[in-house]
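Thanks for coming. Please take a look at the structure on the screen, and then I will go through its sheets and some of its helices.

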Amino acid sequence: MKEKKSFDMICLGRAGVDLYALEPNLDFVDVKHFKKSVGGSPANIAVALSTLGSKVGFIGKVSDDPFGRYVKSFLEEKGVDTEGLMIDKSGARTSLAITEMKPNDCGVLFYRERPSDLELLPADIAEDYLMSSKGVLLSGTALSRNPSREACFKVLDLAKGKIKVVFDLDYRVSAWNKAEEAGSMYKEVGLKSDIIIGNTEEIGLLGNKEVERNIEDLIENGVEMVIHKKADGGSDLYTKEGTVLKVKAFKVKAQKPFGAGDAFAGAFLYSMMKGNPLETCLLWGNAAGAFNVLGNTCSESMPTEKELMKFIKDYGE
C-alpha cells in the first residue's frame, strides 16, 4: 500500500520581511510609503504553491522578535504549515529587503547581517516531518554558510531515494565570498538533486561558460530534469530521457523585475504534480511569472489556479 503523504512539497530556506515602495517609478529618496510583506525565494515558492492549491510545509528559522512572528503568521495565513519553522534565540535577525517599485533599474536594499535563516541547524531537521512530504525544495542561498549548509546536506541524505529533491539555485552575490565557491557548492548539491531550476547566470556558475554544456553535464550525471529560466521570461526544459522543450514568455508591462522566478517555480511544480504534460508545466510557470510582475509584491501577487487560467486565456497567443 502506497504511503499517504501530508504535503506535496516542503520548502527550506529563506523567509524574511520585504518593504515595497507604494509610489511607482520613483527613486528611493523620493518614496514616502511602503507596504510590508514576506519574501525570500523559498517562502515565496511555498506561498505560490499553497495559493494554487498544494499542501505545503516550510523548514527554516526566523528571529524571536516582531519580524519573526510576522513571517510565521503570514505563512500560516497563506496556508503554509510552519511546524518546521524554528525560532532562533541566538540574537540573529530575520532578513529585511527594501525595494523601489520600477520595471527597470529597480533598487533593492538587503539587510542580512547574520540572518536567522542561515542559523538553521542539522538538529532542526525532523526526519518525520521531512518524510511526510512527496518532495523538498532547497534554496541555493541556504548553502552559503554553516550551519544552514550542513542542515541542507542532512536533508539531502535523508531524502535520497525516498522523496524528490528540487534545487532552486537562487544565487545572491552578497551571500557568497566568491562566485566560484557558489558554483562548486551548486554543482555538488545539483548532482544529488532530481530537478534543478535556475536562470542563465545561475546555471552559468556550474563550471562551463556555455549554459547548455552545464545542463548536458548535469543530465549526463543523473539529474532527471533541468529548467532554464531565460532573461526574456521564456523557459527551456531538458530531461534525462532526451526531451528538450522551449516555451516563449508572456508579454506584459511589469511593475517590478522580481518575483517572477519564484512564481514560475511554484506554478511549474504545481502543474507537474497535477500530472500535466511538461510543456503545459512550462506554460503555467511562464504565465505565473508574468502574472506576478504585474503586482506590487512578490508573495501576495501569486495567482490562484483560476486566475492563472484566465491570465493564460487573456495573454496567450
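In what order do the four strands of the open sheet stand? The order is β3-β2-β6-β7, and the pairing is mixed. Keep in mind throughout that this is a predicted model.

For anyone new to this, strands of a sheet pair through backbone hydrogen bonds, either parallel or antiparallel. At the edges of our four-stranded sheet are β3, residues 34-39, and β7, residues 108-111. Each of these has a single partner strand, so one side of each has no neighbour in the sheet. From one strand to the next, the twist averages 20°.

Strand β6, residues 96-99, is joined to β7 by four bridges, and the two run antiparallel. If you want to find one of the partners on the screen, Thr99 has Val108 in β7 as its bridge partner.

Helix α2, residues 66-77, lies across β2 (16-21), β3 and β6. Its direction is at about 70° to β3.

Now the other sheet. This one is open too, with nine strands in the order β5-β4-β1-β8-β9-β10-β11-β12-β13, and its pairing is mixed. Its edge strands are β5, residues 81-88, and β13, residues 244-247, each pairing on one side only. Here the twist averages 15° from one strand to the next.

Again, one pair as an example. Four bridges connect β1, residues 9-12, with β4, residues 56-63, and these strands run parallel. Leu12 has Ile59 as its bridge partner in β4.

Which helix lies across β11, β12 and β13? That is α9, residues 278-293.

Last, a pair of helices. Two packed helices are described by the angle between their axes and the distance between the axes. For α1, residues 41-52, and α8, residues 260-273, the angle is about 45° and the axes are 8 Å apart. The two helices are therefore oblique to each other. Their crossing is right-handed.

Which residues of α1 meet α8? They are Ser41, Asn44, Ile45, Ala48, Leu49 and Leu52. On the α8 side, the residues are Asp262, Ala265, Gly266, Ala267, Leu269, Tyr270 and Met273. Sorted by class, this contact has nine nonpolar, three polar and one charged residues.

That is what I have for today.

Methods. Residues numbered from 1 in each chain as written. Predicted model: local features only at pLDDT ≥ 70, side-chain atom pairs only at ≥ 80, totals over all residues. Heavy atoms only, no water. Axes fitted to C-alpha atoms, helices over the stretch in contact; angles between N-to-C directions. Parallel < 35°, antiparallel > 145°, perpendicular 65-115°, else oblique. Left-handed = near helix turned anticlockwise from the far one by under 90°. Contact = heavy atoms within 4.5 Å. Nonpolar A, V, L, I, M, F, W, Y, C, P; charged D, E, K, R; others polar. Pairing = 2+ DSSP bridges.
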